[in-house]
Amino acid sequence: MNDYQQLTDLMVKWSSLYGAYAILNWDKATMMPKGSHSLRAEQMSVLSTMQHEIIASQEIAELLDRIDITVLNDWQKANIREIHRLHIMAIATSPTLTSRLTRAAVKCEEAWYAQANEINQQSLEQNFEELLALTREMASSLGEKLGISSYDALLEQHQPGLRAESVDAIFSKIEPFTSRLVATIKDSPKQQTIWPRISKNQQKKFANTLMVNMEFDFNTGRLDESRHPFTGGLTGDIRVCSYFKPENILLSISALMHETGHASYEARLPKQHLGQPVSDSRGMCIHESLALLFERQVGHSNSYLGYLAKQLENNFGYADYFNKERLCEHFNTIHTNGIRVTADDFTYPAHILIRYKIENELLSGELSAKHLKGRWQELFELYFGISPSPHEGPWQDIHWAIGYFGYFPCYLMGAVISAQLFNNARKNPSIEMELSRGKFSSLLQWLDKKIYRQGCYHEFEDLVIASCGVKLSADDFIKNLERRLK
């Protein structure tokens, strides 16, 4: 057995452990009994430690040193690059710290489920304090090893190649644009559109139809209900989890399209390199760009909303509510909304900007866990001109409770890339024509060529240029939103 084959065999084991971890994580959010969190924390800790032991092993290091890359093809060279990246990140963090982080994240997540919507959040705040301390330790160690800042080290975990400097450059263009839009609705009363009540069972049947039209393969994937939407599993075993809101089917549809965008990416990664890092997704900015492409660029477009309105009316009636004009008005109006996942496309960036500022302050130690709520209220009033209600606080999202620091910027960076992707894709007139009929075949074929089958062959910024035709820029994102307000 040659050295490269030996290395890839080890990575198949590493990938299989990740797959088992992902399924346990899905089960934890959907079916696991409430009293089983401690046991699950131990199980997931063992799996994460085993993964760490493989990728951080001396055997991996020696194989990487011995392999002659001049005899490898381009895909194999890219695979070596990705394995080396993972190895360097792994050896920067001790197995003990990795295990402690996993246990702390599972405990904090349990507390989040129990107290996120409660007035008394003492247990959640205590668990978060421990998780934050461990995250700071991990980020400092990783940053030192990589020669980058602690926050850049967190970004690297979610989107290899992304740095705060690039995030700041994009966000500095979006912030004044968003501030101008939000200023137009400051001091306006909150308005909540009332939609017909559609039962969960009716919505689930409708969701299955939409997913089939988006070419989701139910032979290798499934849809389940969860409190917080997410997509788990792995290529060949996709687990889509979403919620179904009887009082707001449009919110349910948006979440479903977002998660199906994630699932479509995972399902179509290059299978010829399955089990190798080069066949993985190219990071969470790209992942979120595809999810937001489905949810917002397509799902909120006039052409698709015409199709969706007809389907809603045909299935549920209520023609006065489910018509193209009303749906277009809903998605193209600026609203005051303190919840990130239900925010309109125009004010959504402000939600990310708040979280980005707070994450940096938490990680640097400038902000302590016990002062999180106060800082949140201060920034909320600055950006939105309103005081957040209890359910609009920092625990409306699960991310920080599971240790996902450095992830929130991926949403807005992904939104920027999704606009660039969609503008490039619809140069092909058949794509938008098909979307007006609810069909995704041409769009999926285009994405397959540009992104899906590329896996991690390209570095992040190179993939953006190759797929979007231009460098990463906020211009398309801003122009698309301006066009919708006219």
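Colleague: In which helix is Ser-254 found?

Modeller: This is a predicted model, in which local features need pLDDT of at least 70 and side-chain atom pairs count only at pLDDT 80 or more, while totals for chains, interfaces and linings use all residues. Residues are numbered from 1 along each chain as its sequence is written, and side-chain values use heavy atoms, with hydrogens and water left out. Helices are DSSP runs of H or I with at least four residues, numbered from the N terminus, and Ser-254 is found in the one spanning residues 249-267, helix α10.

Colleague: Is Ser-254 buried or exposed?

Modeller: Buried means under 20% relative accessible area, exposed over 50%, and partly exposed in between, with a 1.4 Å probe and protein chains only. Because its relative accessible area is 12%, Ser-254 is buried.

Colleague: How many disulfides are counted?

Modeller: A disulfide is taken as a pair of cysteine sulfur atoms within 2.5 Å. The sulfur of Cys-468 has its closest cysteine sulfur in Cys-285, 12 Å away, and so is too far for a bond; Cys-468 is also buried, at 5% relative accessibility. By this rule, the count of disulfides is zero.

Key: Helix = DSSP H or I, 4+ residues; strand = E, 2+ residues; numbered from the N terminus.
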